[in-house]
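Subject: A structure for you to look at

Hello,

I am handing over a structure that I have been going through. Please open it next to this email and follow along as you read.

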Amino acid sequence: MTKSELIEALAKKQRHLTLKDVDLAVGCIIEHMCQTLIANDRVEVRGFGAFSLHYHPARVGRNPRTGEFLNLSAKYLLHFKPGKELRMRVNQFRLVRQIRKEDQN
């Protein structure tokens, strides 16, 4: 799902809000999450999951094709850990879907 698809879906469910209002709200939420991560804080949405940054120090890597050694600079990578409720809902949905598929065969 893209950002624009999310905005359209939310606007359809919340008919009292205009598409522009939903776009502004989603944009503000994403911007605030980005600013929080830039400040090296974590973003936690209960039942959904937590976003955080993981630091990876500089290291020497290797190109798998050529075997050439490369100096890789230090970097921060975004990490998402799904919440318990999200994991349970996804697993439950996937299991039901798999059972239905097996019953059809």
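Asn91 is found in helix α3, where helices are DSSP runs of H or I with at least four residues, strands are runs of E with at least two, and both are numbered from the N terminus. With a relative accessible area of 46%, Asn91 is partly exposed. The cut-offs here are under 20% relative accessible area for buried and over 50% for exposed, with partly exposed in between, using a 1.4 Å probe and protein chains only. Asn91 and Asn71 are 20 residues apart along the chain, and their C-alpha atoms are separated by 40 Å.

A word on where this comes from: the model is predicted, so local features need pLDDT of at least 70 and side-chain atom pairs count only at pLDDT 80 or more, while totals for chains, interfaces and linings use all residues. Residues are numbered from 1 along each chain as its sequence is written, and side-chain values use heavy atoms, with hydrogens and water left out.

Arg87 lies in α3, which covers residues 84-104, and counts as partly exposed at 40% relative accessibility. From Arg94 to Thr36 the distance is 32 Å, C-alpha to C-alpha, and the two are 58 residues apart in sequence.

Now for the whole chain. How many helices and strands are there in the chain? There are 3 helices and 5 strands, and from the N terminus on they run α-α-β-β-β-β-β-α. The radius of gyration is 20 Å, well over the 13 Å that the globule rule gives for 105 residues, so the chain is more spread out than a compact globule. That radius is taken over C-alpha atoms, and the globule rule is 2.2 Å times the number of residues to the power 0.38. Along the principal axes, the C-alpha atoms fill a box of roughly 55 × 45 × 25 Å. Buried residues make up 12% of the 105 residues.

Helix α1 (residues 3-13) and helix α2 (residues 19-38) have axes that come within 9 Å and cross at roughly 130°. These axes are lines fitted to C-alpha atoms, for helices over the stretch in contact, and the angles run from 0 to 180 degrees between N-to-C directions. On the α1 side, the contact (heavy atoms within 4.5 Å) is made by Lys3, Leu6, Ile7, Glu8, Leu10 and Ala11, and on the α2 side by Leu19, Val22, Asp23, Val26, Gly27 and Ile30.

Leu24 lies in helix α2 too. Is Leu24 buried or exposed? At 58% relative accessibility, Leu24 counts as exposed. The C-alpha atoms of Leu24 and Ile7 are separated by 9.4 Å, for residues 17 apart along the chain.

Asn40 lies in the loop between α2 and β1 (43-45), and its phi is near 65°, a positive value in a residue other than glycine. Most residues other than glycine have a negative phi.

Last, look at Ser52 in strand β2 (residues 49-56). Ser52 is buried, with a relative accessible area of 16%. Leaving out residues up to four places away in sequence, Ser52 touches Leu37, Arg42, Leu77, Leu78 and His79.
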